[in-house]
Amino acid sequence: MKRTTLSLFAGAAALAAVTGFAAVSAPGDTGAETAEPAARLPVERTSLLCPAPSASDLAETTYTSFTPVTEGAEKKGTATLTAAADGAGAEAGKGGEDAESGKDGEDAKDGNDGKDGKPVLRPEAPGTPVTGTASGADAPALTGTAEGSHAPGWTVQQTTEVAAGTGRGLLGLNCTAPDTEFWFPGASTASGRTDYVHLTNPDDSAAVVDIELYGKDGVLKSTVGEGVTVPPGGGESLLLSTLTDVEQTDVTVHVNVRSGRLGAAVQALDDKTGGDWLTAAADPAGELVVPGIPADATAVRLMLFTPGGSDADLKVRLASPSGAITPAGHETVHVKAGMTTGVDLGEVTRGEAGSLVLTPTSGSVPVVAAVRVVRGKGGEQESAFIPASDPVGARATAAENRAKGTTLSVTAPDRTAKVEVTASAGTEGGTTATKTFTIEGGTTQNVEVPVPAGLKGTYALTVETVSGGPVYAARTLTGEDEDVASFTVQPLPDDRGTVSVPKAEQNLSVLQQPPA
C-alpha cells in the first residue's frame with residue numbers, strides 16, 4: 001500500500017521529489033553536487049479514515065485517538081474526526097489546542113457518533129489518549145485530519161464488539177491514511193462468509209476505483225467492480241459476492257484508484273467463527289513478515305498472491321521464542337502468477353509466540369500475504385486476520401490497550417534488536433511507564449508490556465527501535481469475557497511521524513538539477 005504524508009517543509013520535499021535532489025553550489029564552483037544527509041522532521045498534517053463499523057444493531061464501537069509526543073513538533077495543533085457524510089476537512093468542531101486560543105479541546109466521552117456533524121473525537125494534548133463511542137448499525141464512516149502538534153504519529157483505533165449473529169466478536173483496525181492502491185489477500189466469497197470492501201473518500205471531489213478479485217484459478221471476471229464512484233466526503237461498502245457469482249474460499253482483493261484517493265478495508269464476517277477487519281497487506285515484496293500470531297491459535301491459514309507475471313517459490317519459517325523453525329510439511333510454498341494460494345498451517349505456534357517469515361527460495365518475486373487465525377474450539381471459535389506488515393521503523397503505536405487482555409508481540413527476523421516500549425497515560429488517569437527489551441535475531445517474543453501507574457481507562461503503547469533490526473510488531477486485544485475467544489490483531493508499522501527533507505548549503509545562487 002502506497003502512503004503519503006505532508007512534510008513540515010512541504011516545498012523542499014516537493015522540490016526533492018520533482019528534481020531528485022536539491023543540491024546547490026556557489027559561483028565559481030565546478031557545480032558538483034554537495035551530498036549531505038537528509039534531516040528528519042515531524043510531519044505537519046496527516047489524515048486518517050475509519051470505515052463504517054458494523055451493520056449489526058448490537059454493535060458497540062469505541063474510537064481511541066492518540067498522538068505520541070514528538071521532539072521538534074509544533075507547540076500547538078488540532079485534530080478532528082467527523083462523519084464522512086459531512087465531508088472531509090470540515091472546519092467545524094476542531095479540538096485539541098486551538099491555534100488561536102491555545103485552549104484544550106473537549107473529549108468525546110458523551111458517546112457522540114458523528115451523525116449530527118459534531119466530531120466523534122476531539123483530542124487533547126499529545127501524549128494522552130481520548131475515546132469516543134458509537135452504537136448500533138447506523139454509525140457512519142469517519143474522516144479525520146490532524147495538524148501541528150497532533151499530526152506526527154497520529155493513530156486512531158476502531159474497535160467494535162458484536163454480541164451475537166454473523167460477524168460476532170471483536171472487530172478492530174487502525175484507521176488508515178488515504179491512498180491509491182490496496183491489496184487484501186484473505187477475503188472470501190465462499191458460502192458462510194459475508195465479506196464487504198469498505199471505501200471512504202476524504203476529499204471534496206469524487207473518487208473512481210476499480211475492484212479486482214483473484215481466486216485460485218486467476219481473475220474472477222466481473223464488470224460490476226469497474227469504475228466504482230465514491231462520492232465526495234462519503235463512503236461505500238460493496239458485498240464481494242455481488243461482484244462475482246463464483247464461490248471461492250480464498251480471494252485476493254485489489255483496490256486500484258483511478259482518480260482521487262481513498263481509505264479501504266475488508267470486513268470479513270463468518271457464520272461460524274465470527275468476524276474481523278482484514279486490513280491492507282504490505283506492498284508486494286520478495287520477503288515478507290506476518291507478525292504476532294497468537295500462541296493459542298488452533299488454526300492458521302496462510303493466503304498469498306503474486307501480482308506479477310512470474311510464479312513465486314517461498315521458504316516458510318516461524319520465528320518462535322527459541323529461534324526460527326520450519327513448519328513440518330510446509331517447508332516451501334509455490335504461488336502461481338495471478339492466482340491466490342491458500343495453505344493450512346494448523347496449530348503452527350503450538351502454544352508459543354510466533355511470526356511467519358517468508359523468503360524466496362531463489363529469484364525474488366513480489367508477493368502479498370495474510371493469515372487467518374482461529375482461536376477456541378467447537379462452538380466457541382473466533383477468527384481474526386493478520387496481514388504481512390512493514391517494520392516498526394523509528395516508531396509505531398497501538399491505541400486502546402487495557403490492563404488485561406493486551407499482548408504485544410515483537411519479532412526480529414534477522415538481526416538482534418533493542419526496542420523501547422512506552423505506555424502512555426490512561427484516558428482517565430495514570431502516568432507513563434517505559435521498558436526496554438532485547439529481541440534476539442530470528443525470534444519472536446511476547447514482551448511484558450508496561451502498564452501506566454494508577455491506570456484508569458485505556459492507554460496507548462509506543463514501540464521504538466533503539467538499535468539493530470529491522471523489528472516487526474503486532475498487538476493482540478482479547479474480549480473482556482474470558483469464556484469467549486474473541487480477539488483482534490493489529491500490526492504496528494512505522495507511524496510515519498517524520499519525513500526526510502534534503503539539506504542544502506546556505507548559498508542558493510545556483511540550483512543544480514539532474515540532466516534530462
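Trainee: How many helices and strands does the chain have?

Mentor: The chain has 1 helix and 39 strands. Keep in mind that this is a predicted model.

Trainee: How do you know what confidence the predictor has in the chain?

Mentor: Look at the pLDDT, which runs from 0 to 100. The chain averages 86, and 83% of the residues score at least 70.

Trainee: Where does the pLDDT stay under 50?

Mentor: Residues 3–34 are one such stretch. The model still has 55 contacts for it beyond four places in sequence. Residues 86–111 also have a pLDDT below 50. That stretch has 65 contacts beyond near neighbours in sequence.

Trainee: What makes C50 and C175 a disulfide?

Mentor: The cut-off is two cysteine sulfur atoms within 2.5 Å. Here the S to S distance is 2.0 Å. That value meets the cut-off, so C50 and C175 count as a disulfide. A search of the whole structure finds 1 disulfide.

Trainee: Which hand does the link of C50 and C175 have?

Mentor: The link is right-handed, with 110 degrees about the S-S bond.

Trainee: Why does the pair tie together parts that are apart in sequence?

Mentor: C50 lies in strand β3, residues 45–50. C175 lies in the loop between β9 (169–174) and β10 (181–187). The pair therefore ties together parts that are 125 residues apart in sequence.

Trainee: Are C50 and C175 buried or exposed?

Mentor: Both C50 and C175 are buried. The label requires under 20% relative accessible area. Of the 516 residues of the chain, 54% count as buried.

Trainee: What is the accessible surface of the chain?

Mentor: It comes to about 20,800 Å². Carbon and sulfur atoms hold 48% of that surface.

Trainee: How do you know that β17 and β18 pair?

Mentor: Pairing takes at least two bridges. Strand β17, residues 263–270, is joined to β18 by 5 bridges, so the two strands pair. They run antiparallel. Q267 has W277 in β18 as its bridge partner.

Trainee: In which order do the 4 strands of the open sheet come?

Mentor: The order is β15-β11-β17-β18, with antiparallel pairing.

Trainee: What makes β15 and β18 edge strands?

Mentor: Each pairs on one side only. β15 spans 235–239 and β18 spans 274–278. From one strand to the next, the twist averages 20 degrees.

Trainee: What share of the contacts with a separation of 6 or more comes from residues 24 or more positions apart?

Mentor: Those residues account for 80% of them.

Terms used: Residues are numbered from 1 along each chain as its sequence is written. This is a predicted model: local features need pLDDT of at least 70, side-chain atom pairs count only at pLDDT 80 or more; totals for chains, interfaces and linings use all residues. Side-chain values use heavy atoms; hydrogens and water are left out. Contact means heavy atoms within 4.5 Å. Axes are lines fitted to C-alpha atoms, for helices over the stretch in contact, and angles run from 0 to 180 degrees between N-to-C directions. Buried means under 20% relative accessible area, exposed over 50%, partly exposed in between (1.4 Å probe, protein chains only). Accessible areas come from the Shrake-Rupley method with a 1.4 Å probe; for residues, only the protein chains shown count as cover.
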